[in-house]
Amino acid sequence: MGGTMTAESVEHRHHWPVPPVDGYTVDDLFTLPDLPPHTELIDGSLVFVSPQRRFHFLVIDLLVSGLRSSLGPEFSVEREMTVILDKRNGPEPDISVVRADAVTGVDQTRFQAEDVLLAVEVVSPDSESRDRTTKPHKYATAGIPNYWRVEQDGTTGRPLIHVYELDAMTRSYVHMGMQRDRIKVDKPSAIAIDLGTVETRP
C-alpha cells in the first residue's frame, strides 16, 4: 500500500515535522496531526497510500464478504486496520482476521500482532516489494500464523492467491501453494471463497 515518503518529500504546502533521528514510532503514528488516512509505519518511516486500482477494492470486498461468511463468531474480519508489530512497525494489512475477543469497540484503531490470525495484502504496482518481501517477513517475525498475498493473474485478470503458513521454529513463512478460481484452506479455520465472481472487465 502506498509509497514511502519522508517529511522533506511531501508537498511543501504540508508542514510535516522533521522525523526523529531514529525514525517514528507507533505512538507517533497515532498522535501526529493531519496524517493522511491509512498511513502505515514501516521501519520507522511513514508510508502513504497511493490511489488504488479498481481491482484492489473489488478483491478486498470479495474476500471480506467471503471470510465473514466462512468464519464463526470467534473470529472478526477487519479491513484496513493498523497492526502493531513492534514500536517501529505499524503496517495496515488490507484485511486481517483477528480473535473476536480482541475487538474492543467501534472507536478501536489498532490490533496487536498476537491478536491477528491471518493477514491479507492485495498487491498494487507501488506496493509489490513490501507485499512480497518486507511485510511477510515482518508478519512472520511477529508470529502471525497465516498470510495471503493476492496478485492479479496476468492471463485472466482474476485474483491469484499465494497462501503462506508460519513455521514456528524459524519464524518464517512456508509457501503452501497458489489458488486461482477458489480459495479453500483450513487455517485459521475452514474457509472456501469463490474467486471467479470478481468482475475484471472494463
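## Reading contacts, burial and ring pairs

Trainee: Which residues does valine 77 touch, not counting residues up to four places away in sequence?

Mentor: Taking contact to mean heavy atoms within 4.5 Å, and leaving out residues up to four places away in sequence, valine 77 touches Val64, Leu67, Arg68, Leu71, Ile95, Ser96 and Val97. Before we go further, note that this is a predicted model, in which local features need pLDDT of at least 70 and side-chain atom pairs count only at pLDDT 80 or more, whereas totals for chains, interfaces and linings use all residues. Residues are numbered from 1 along each chain as its sequence is written, and side-chain values use heavy atoms, with hydrogens and water left out.

Trainee: Where is valine 77 found, and is valine 77 buried or exposed?

Mentor: Helices (H or I, at least four residues) and strands (E, at least two) are DSSP runs, numbered from the N terminus, and valine 77 is found in strand β4, residues 75-79. Buried means under 20% relative accessible area, exposed over 50%, and partly exposed in between, with a 1.4 Å probe and protein chains only; valine 77, at 7% relative accessibility, counts as buried.

Trainee: What do the buried residues of helix α2 pack against?

Mentor: They pack against β4, β6 (95-99), β8 (116-122), β9, β10 and β13 (191-194). The buried residues of α2 include Val64 and Leu67, both of which valine 77 touches. As for length, the expected span of a helix is 1.5 Å times one less than its number of residues; the 17 residues of α2 (residues 54-70) should therefore span 24 Å, and the end C-alpha atoms are 24 Å apart, which agrees.

Trainee: How many aromatic pairs does a search of the whole structure find?

Mentor: Rings of Phe, Tyr and Trp (its six-membered ring) pair if their centres lie within 6.5 Å, and planes under 30 degrees apart count as stacked, over 60 as edge-to-face and the rest as tilted. A search of the whole structure finds four such pairs. The rings of tyrosine 139 and tyrosine 147 have centres 5.7 Å apart and planes at 55°, so this pair is tilted. The rings of tyrosine 147 and tyrosine 173 have centres 5.8 Å apart and planes at 20°, so this pair is stacked. The latter pair links distant parts of the chain, with tyrosine 147 in strand β9 (residues 146-152) and tyrosine 173 in strand β11 (residues 172-179), 26 residues apart. Tyrosine 139 and tyrosine 147 are both buried, as is tyrosine 173, and ring pairs link Tyr139, Tyr147, Tyr164 and Tyr173 into a cluster.

Trainee: What does glutamate 165 touch, and which side chain does a polar contact join to that of glutamate 165?

Mentor: Glutamate 165, found in strand β10 (residues 159-167), is buried, with a relative accessible area of 18%. Among the residues touched by glutamate 165 are Tyr173, Val174 and Lys187. A polar contact is a pair of N or O atoms within 3.5 Å; within protein, one must be able to donate a hydrogen and the other to accept it, and residues adjacent in sequence count only if both atoms are side-chain atoms. Here, such a contact of 3.4 Å joins the side chains of glutamate 165 and lysine 187.
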